[in-house]
Amino acid sequence: MSNRTLNLDDALYGYLLDVSLREHPLLSELRAATQNHPHRNMQIAPEQGQFMAMLIRLMGAHRTLEIGVFTGYSTLAVALVLPEEGRMVVCDVNSEYTAIARDYWQRAGVADKIDLRLAPALETLNALVAEGQAGTFDFVFIDADKANYDAYYEHSLQLLHPGGLIVIDNVLWSGRVAHPEERDDADTRALHDLNKKLHHDERIDLSMLPIGDGLTLARKR
Ligand code: SAM
Ligand code: CA
């Protein structure tokens, strides 16, 4: 028995997936298709998608925002469990990656729930605020360029209503954030600085989970 989080070796990680993963067939197909992509490591882990879907259901979320779509796995995991009238605004800059995403959203019958904005995410977030959508979102997933994470976090806080949730990916960054000598690049520094900032940010309730590459939950107070 252990009272600290386990290190998952391949056998234990395989076991976790074996006894708990319930992946929609199109999510499985998208994951397999993305295995051949040069940037396949950008895709979230399947148990993380399932966890985010659980959060959406627990919260009864209707309006969600996603920053960083890639081939659309996290979007699809959320869209599949959103109610019929649920809506997602999702941000990316890459039309090649998101063409794959759109194909899977269509095939899954959830494309009508998803408003893909192809532009730098900060432009989209500013536009949402300008359109009067501050305080209207239930859930935000941040998973794009790390240097902008702090700006994404601040905009997300504006766009959420109190009780809404921000989920931030890659907060443990393959472990690099824990080693001062490895915080020598802008991405690692940005993640570390945001982690430190959130620790004492009184605007949120906080939980950091060692799922995937590290996932922070920040609930707006
Ligand atoms: N959530 C995705 C999934 O489950 O597969 C993975 C997202 S991937 C880690 C990051 C994405 O952010 C890429 O598709 C990239 O094109 C996009 N991106 C990078 N810089 C961006 C920016 N400034 N604005 C919007 N999207 C950006
Ligand atoms: Ca990620």
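Modeller: Happy to! Let's start at threonine 124, which sits in helix H6, residues 121-130. Helices here are DSSP runs of H or I with at least four residues, strands are DSSP runs of E with at least two, and both are numbered from the N terminus. What you have on screen is a predicted model, where local features need pLDDT of at least 70 and side-chain atom pairs count only at pLDDT 80 or more, while totals for chains, interfaces and linings use all residues; side-chain values use heavy atoms, with hydrogens and water left out. Residues are numbered from 1 along each chain as its sequence is written, and chains are lettered from A and ligands numbered from 1 in the order in which they are written.

Is threonine 124 buried or exposed? Its relative accessibility is 4%, so threonine 124 counts as buried. The cut-offs, found with a 1.4 Å probe and protein chains only, are these: buried means under 20% relative accessible area, exposed over 50%, and partly exposed in between. Leaving aside neighbours within four places in sequence, threonine 124 is in contact with Val89, Cys91, Arg117 and Ala119. By contact I mean heavy atoms within 4.5 Å.

The structure holds one aromatic pair. Phenylalanine 70 and tyrosine 97 form this pair, which is edge-to-face, with 5.0 Å from centre to centre and 85° between the planes. Rings of Phe, Tyr and Trp (its six-membered ring) pair if their centres lie within 6.5 Å; planes under 30 degrees apart count as stacked, over 60 as edge-to-face and the rest as tilted. Phenylalanine 70 belongs to the loop between strand S1 (63-67) and helix H4 (73-79), and tyrosine 97 to helix H5 (residues 95-108), so the pair ties together parts that are 27 residues apart in sequence. Both partners are buried: phenylalanine 70 has a relative accessibility of 7%, and tyrosine 97 has 16%.

The backbone of phenylalanine 70 deserves a glance too. Its phi is near 55°, a positive value in a residue other than glycine. Asparagine 170 also has a positive phi, of about 70°, although it is not a glycine. You will find asparagine 170 in the loop between strand S5 (160-169) and helix H8 (186-199), and with a relative accessible area of 11% it is buried.

Leaving aside neighbours within four places in sequence, alanine 45 is in contact with Tyr13 and Tyr73. Its C-alpha atom is separated by 8.7 Å from that of aspartate 213, which is 168 residues apart from it along the chain.

One more loop is worth a visit, between H4 and strand S2 (87-92), where valine 81 has its place. Valine 81 counts as buried at 18% relative accessibility. It touches Ala53, Ile56 and Arg57, not counting residues up to four places away in sequence. Valine 81 and alanine 53 are 28 residues apart in sequence and 6.3 Å apart in space, C-alpha to C-alpha.

Finally, let's step back to the whole protein. It has eight helices and seven strands. Its radius of gyration is 17 Å, close to the 17 Å that the globule rule gives for 221 residues, so the protein is as compact as a globular protein of that length. That radius is taken over C-alpha atoms, and the globule rule is 2.2 Å times the number of residues to the power 0.38. Buried residues make up 46% of the 221 residues. Among contacts with a separation of 6 or more, 69% come from residues 24 or more positions apart.
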